[in-house]
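I opened this notebook to look up a few local features, and I wanted each one written down with its terms. The entries follow the order in which I looked.

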Amino acid sequence: MMGGPIRRLVFAAALSASASAQFPILDSVVPRGGQRGTEIDVVLRGKKLGGARALLFGPGGIEVLSLEAVKDDQLSVRLAIAADAELGPRAVWVRTAAGLTNLHTFHVGALAEFGEVEPNGTMEEAQAIGLEVTLNGVAENEDVDYFAFEGHQGDLISIEIEGQRLGDRLFDPAVALFDAAGFALASRDDSALGRQDPSLSIVIPADGRYVIQVRESAYRGAGDCRYRLHVGRFPRPLATLPLGGRPGEELSVRLLAEEGDLGEMTVRVPELRAKGGWVPHGIAPLAFVSETGEAPSPGWLRVVDLDNVLEVEPNDALAGATPFSVPTALNGVLETVGDVDRYVFETKKGQKVEIVAFARRLRTPVDVVLMVQEMDGKTIANNDDDGGPDGRISFNPPHDGQFQVVVVDHLRRGGPAFAYRVEVAPVRPSVSVGIGGERKQVAIPQGGRVSVNLAVTRNSFGGPVAVSIEGLPAGVTATIPELPKGVAQVPVLFEATADAQSAHALCEVRAAHTDPEKGIKGGLREDIELVLGRNKVVFWAHSIDRLPIAVCDPAPFRVRVETPKVPLVRNGLLPVEVIVERDEGFEGPVALKLAYLPPGVNANRQQEVPADSDRARFSLSAGGDARLGTWQMLVSAEAETPGGRVRVASLHFPIEIENQFVRFEVQPVAVDRGEVAEMFVEVKQLDGFRGKATVQLVGLPHEVSSEAQVLDAETETLVFPLLTGDASPVGKHTTLQFQAHFALEGGEVLQALAAAELRIQKPAPAPAPAKPVVVEAAAKVKPKKTRPPTRLEKLRSEHAARAAGRDKPKKDSKAEPEQVTKEGGQV
């Protein structure tokens with residue numbers, strides 16, 4: 001590989017593409033970053049990149065000086081990295097004529113960049129390097145790379161490797177440091193700070209040659225196991241004390257490392273922004289800067305409006321427990337093996353609090369176990385993990401008085417950097433927004449529309465939420481329905497005018513309770529998965545808090561929906577007609593998808609319109625618990641074009657969900673095979689019934705037939721004749737279903753009514769001739785007891801009575817009635 005300062009880079013994406021039809025894709029990156037304050041020629045490789053127009057970088061000091069499409073799968077770009085650019089990864093997308101590629105990352109470093117030079121597979125062949133450098137290399141299968149530098153006694157040297165955090169693939173690098181005699185001074189595999197990526201710091205014991213070894217931990221490397229090895233005198237704290245603060249405040253922190261305290265520094269608590277890679281919600285990166293340099297990757301701080309309380313040792317016994325009052329944040333270090341930290345507070349019965357640990361989310365090694373104890377040491381609540389190694393307890397005090405909060409490590413480990421933070425405060429309602437679907441970026445055709453589902457997460461409240469988007473490109477608008485209580489997804493419709501210029505932006509997404517007095521608000525936070533392990537376990541991701549949006553070339557097709565003119569009733573079906581309009585010259589198939597379904601509504605959400613057709617039909621099915629009201633829906637469509645796969649959307653169209661018009665109550669019916677039976681139905685009219693309906697009994701067994709009946713607003717019962725044949729199957733049949741077709745002004749409404757049960761049985765055999773019975777004259781015949789009529793017999797009698805009443809001739813009210821005596825004489 002080429003040595004010397006790096007001047008050419010190749011981008012690589014860990015995300016795979018669909019095999020055939022593809023959106024523009026960014027595929028590979030080598031090496032994976034550059035030094036700030038320099039200009040770099042960059043080569044980007046992928047698919048459908050020939051129509052590239054620009055690069056979209058996450059915020060932070062990278063400028064594109066030039067861009068050239070060498071061929072459809074390769075771009076040549078020159079970048080300028082600002083001298084004051086923050087260190088760490090930047091999200092990057094390519095904007096093409098057809099849309100935006102997947103996200104990838106480009107890493108900004110502080111040190112001079114060099115490439116690995118082969119052969120360097122033995123300590124004797126170790127590549128000579130200086131300090132304050134970044135080495136870009138590859139850990140091939142069974143490969144070991146060595147790098148040698150001259151060390152001076154007393155120097156604190158830090159070594160950090162970025163491998164897994166580059167997001168290329170599942171990669172577990174290992175690093176070790178050897179002296180000139182070949183003795184290992186230190187070695188690391190994983191770390192809490194870098195997860196699979198290790199780091200180490202060591203004080204050089206004597207002047208001389210020192211050798212760094214880099215390999216894949218199990219010697220199972222590959223051509224895309226790329227790494228960035230940072231070597232220098234930069235500080236490498238692993239944690240701080242305290243581990244958080246109020247946004248914007250000046251905070252004095254102790255820098256903690258394996259070798260002990262690295263001193264104190266005053267920092268300004270950063271704002272909550274998704275910078276620095278995979279950032280948990282509510283946490284911000286903190287740069288570590290000293291006279292000897294800046295750490296290649298940041299530390300992490302919890303940002304929240306709470307006072308800090310630092311543990312006061314010794315506090316492993318009740319007598320020394322550190323006191324605090326609610327609300328507050330407890331900060332401490334489990335400094336030794338078996339260390340226990342205790343805190344005590346006073347509260348009132350029923351004053352609920354959330355006790356939440358932060359350790360692994362802040363990249364410290366502690367696996368916190370939380371306990372709440374009475375003052376006599378009796379444990380009344382405890383928790384180890386809460387969807388991760390950090391514990392959480394929802395505590396409702398059973399009485400007035402004092403309680404202890406106890407913090408230990410799950411394996412009773414400890415050390416100088418085993419820092420933790422525990423927040424004790426009443427529940428704070430909050431809201432956040434995520435991006436639904438596989439594609440986490442928005443590409444809007446000029447003069448067209450596209451839809452994106454945003455997922456809203458409510459914490460400790462259930463009210464309505466309004467979502468807004470700010471910073472849209474010129475000529476772009478967004479239509480966002482309000483989210484009612486209990487609804488978690490909203491279909492957002494983006495539209496670009498025909499004269500909107502090709503452009504891109506990172507847009508802020510905000511969400512808030514519709515009542516401003518509640519003070520509940522939040523924003524976008526999405527983790528873009530980059531590296532997955534077995535069972536789709538996420539090993540690395542990149543967090544974004546802005547929605548990438550681009551305006552691209554017009555699409556050669558559009559989609560529209562014929563708005564239904566009748567409601568969708570519970571337990572009913574509703575057809576939705578969709579029309580595809582193609583430009584002249586575009587003849588490809590178009591895939592359709594219902595972008596959103598209201599709560600309780602189901603459908604086959606995907607359809608394809610063949611090249612020789614221009615329409616399709618979706619059938620919406622509402623369950624008995626479908627949410628009533630008017631819901632805004634839309635249809636998304638996509639097709640393959642010469643520039644890549646393109647997606648468009650219809651306008652919003654309303655669906656009115658109403659309660660069912662009627663309800664049926666029906667009893668099981670039994671019949672001998674070959675005979676005729678009647679199934680009586682009791683009709684319950686519900687609010688909203690209108691018009692007439694034809695009711696059919698479907699799902700009948702073989703050789704069983706019935707007749708449709710007419711239902712109107714006056715109907716109380718219906719009778720369905722059931723004709724069985726000699727071949728009708730014997731047994732219990734539960735597939736019968738009543739379906740009502742209501743003819744309304746705007747069309748037909750189909751409602752599925754009650755299910756029914758039919759039992760078909762073999763006819764009883766003919767009875768044997770009866771023996772003559774001799775009745776003694778003196779015998780008294782007891783009268784037989786009569787049983788009360790069954791509900792079915794009552795319904796039959798009532799139906800017969802009503803039928804008889806309808807058959808009587810009506811009297812003519814205008815004719816003179818004749819009065820007749822009982823003997824038939826005329827009066």
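In which loop is Tyr219 found? I located Tyr219 in the loop between β18 (208-216) and β19 (226-232), where strands (E, at least two residues) and helices (H or I, at least four residues) are DSSP runs numbered from the N terminus.

Before going on I noted that this is a predicted model, in which local features need pLDDT of at least 70 and side-chain atom pairs count only at pLDDT 80 or more, while totals for chains, interfaces and linings use all residues. Residues are numbered from 1 along each chain as its sequence is written, and side-chain values use heavy atoms, with hydrogens and water left out.

**Backbone entries**

I noted that Tyr219 has a positive phi of about 60° although it is not a glycine.

I then looked up cis peptide bonds. The bond from Glu118 to Pro119 is cis, with omega near 0°, and Pro119 sits in the loop between β10 (112-115) and β11 (127-128). The bond from Val326 to Pro327 is cis as well, with omega near 0°, and Pro327 belongs to the loop between β29 (322-323) and β30 (328-333).

**Sheet entry**

I followed an open sheet of 4 strands, in the order β60-β62-β66-β64 and with antiparallel pairing (two strands pair if DSSP finds at least two bridges between them). Its edge strands, each pairing on one side only, are β60 (662-666) and β64 (704-705). Between β62 (residues 676-685) and β66 (residues 717-724) I recorded 7 bridges, and Glu678 has Pro721 in β66 as its bridge partner.

**Core entries**

In the largest nonpolar core, of 65 residues, those touching the most other members are Leu592, Leu620, Phe664, Met679, Leu711, Phe738 and Phe742. I took a nonpolar core to be a set of buried Ala, Val, Leu, Ile, Met, Phe, Trp, Tyr and Cys residues joined through side-chain atoms within 4.5 Å. A second, separate core has 42 residues, including Val433, Ile528, Ala541 and Ala550.

I looked next at Ala693, which is placed in strand β63 (residues 693-698). Ala693 has 1% relative accessibility and therefore counts as buried. Leaving aside neighbours within four places in sequence, Ala693 is in contact (heavy atoms within 4.5 Å) with Gln709, Val710, Leu711, Ala740, His741 and Phe742. From Ala693 to Arg188 I noted 505 residues in sequence and 76 Å in space, C-alpha to C-alpha.

**Cavity entries**

A cavity here is a set of points on a 1 Å grid over the protein atoms alone where a 1.4 Å probe fits but cannot get out, and lining residues have an atom within 4 Å of a point. Of the 17 residues that line the largest cavity, Pro89, Glu162, Arg165, Gly276 and Trp540 lie nearest its centre. At least two lining residues come from each of β8 (88-96), β9 (104-109) and β47 (538-544).

Note on methods:
On a 1 Å grid over the protein atoms alone, a cavity is a set of points where a 1.4 Å probe fits but cannot get out, and a pocket is an open set with protein on both sides within 12 Å along at least five of seven lines; lining residues have an atom within 4 Å of a point. Buried means under 20% relative accessible area, exposed over 50%, partly exposed in between (1.4 Å probe, protein chains only).
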